[in-house]
Amino acid sequence: MTLTCAIIDDEPLAAGLLESYVKKTPYLVLTGTYNSAVTAMRDLREQPVQLLLLDIQMPELSGVEFAKILPRSTKVIFTTAFPQYAVEGFKVSALDYLLKPVSYQDFLQATDKALDWFAVMQKQETYSRDRFLFVKSDYKLLRISLDTIMYVEGLKDYVRFYLTTGERIMSLMSMKRLEEFLPRPEFLRTHRSYIVHMPMVTTVDRLRLVFNPDLYIPISDNYKDEVMRYIDQHTLA
């Protein structure tokens, strides 16, 4: 897998260093280097890149301001000489934050994270398009249709899929790993022990998702905001 990337930095030395790092990283393909967000704006809107190495403090338009108008498909790694900007960076969902002068080790760690993120997104898109996945169970690979999954329960090192057919399938895997790959927001973590196929829910009763009168899944405080946001988006007021 390769990632297209661009660099925006008003300091020529810093931009040149990042260029040298990109060129020796096999999975990165550099499409352009810019000395300001304003000069990059047209190119990156017409031909978005997957990964943008973006300086925060720049004249005319800051990196944080520019990140807010980027296409959703572009992920950002911020670079800056000022550590106090880290919080601002993460408010716009940056993948990582590099403090200048950037070492190649730190650069590689951040871009590896980006590569992993895009690999996960690619898997999610595949599952969402093909509507099935294979899981290991009792030394076999079993095919599960996404449309038959009601919810998944976490049980220590295992997960249990509850299907509309009444079948229950156990697989050795962590909830965190499964959560990464199931397409969102169709599947949401609602509790430390549960991932729910949201279109299957028939009723929301306080902080519970109800499938039928005898089956409900709790919504814990840690996951409440995202679940309620999904519900609000599908509520006719």
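Q: How many helices and strands are there in the protein?
A: There are 7 helices and 15 strands. Keep in mind that this is a predicted model.

Q: What does the C-alpha trace span along its principal axes?
A: About 65 × 45 × 30 Å.

Q: And how many of the 237 residues count as buried?
A: 46% of them do.

Q: Switching to strands. What is the order in the open sheet of 5 strands?
A: The order is S10-S9-S8-S12-S11, and the pairing is antiparallel.

Q: Which ones are the edge strands?
A: Strand S10 (168-172) and strand S11 (187-191). Each pairs on one side only.

Q: What's the twist from one strand to the next?
A: It averages 20°.

Q: Back to S11. How many bridges does S11 form with S12?
A: The two strands pair over 4 bridges, in the antiparallel sense. S12 covers residues 194-197.

Q: Which residue in S12 is the bridge partner of phenylalanine 187?
A: Histidine 197.

Q: Now the other edge strand, S10. Where does leucine 172 sit, buried or exposed?
A: Leucine 172 belongs to strand S10. Its relative accessibility is 58%, so leucine 172 counts as exposed. The cut-off for exposed is over 50%.

Q: Which residues form a nonpolar patch on the surface with Leu172?
A: Tyr158 and Met170. Together, Tyr158, Met170 and Leu172 have about 290 Å² of accessible area.

Q: Last one, on contacts between residues at least 6 apart in sequence. How many join residues at least 24 apart?
A: 49% of those contacts do.

Notes:
Residues are numbered from 1 along each chain as its sequence is written. This is a predicted model: local features need pLDDT of at least 70, side-chain atom pairs count only at pLDDT 80 or more; totals for chains, interfaces and linings use all residues. Side-chain values use heavy atoms; hydrogens and water are left out. Two strands pair if DSSP finds at least two bridges between them. Axes are lines fitted to C-alpha atoms, for helices over the stretch in contact, and angles run from 0 to 180 degrees between N-to-C directions. Patches are made of residues with over 30% relative accessible area and no salt bridge: like charges are joined within 9 Å, nonpolar side chains (Val, Leu, Ile, Met, Phe, Trp, Tyr) within 5 Å. Accessible areas come from the Shrake-Rupley method with a 1.4 Å probe; for residues, only the protein chains shown count as cover. A salt bridge is a side-chain nitrogen of Lys or Arg within 4 Å of a carboxyl oxygen of Asp or Glu. Buried means under 20% relative accessible area, exposed over 50%, partly exposed in between (1.4 Å probe, protein chains only). Contact means heavy atoms within 4.5 Å.
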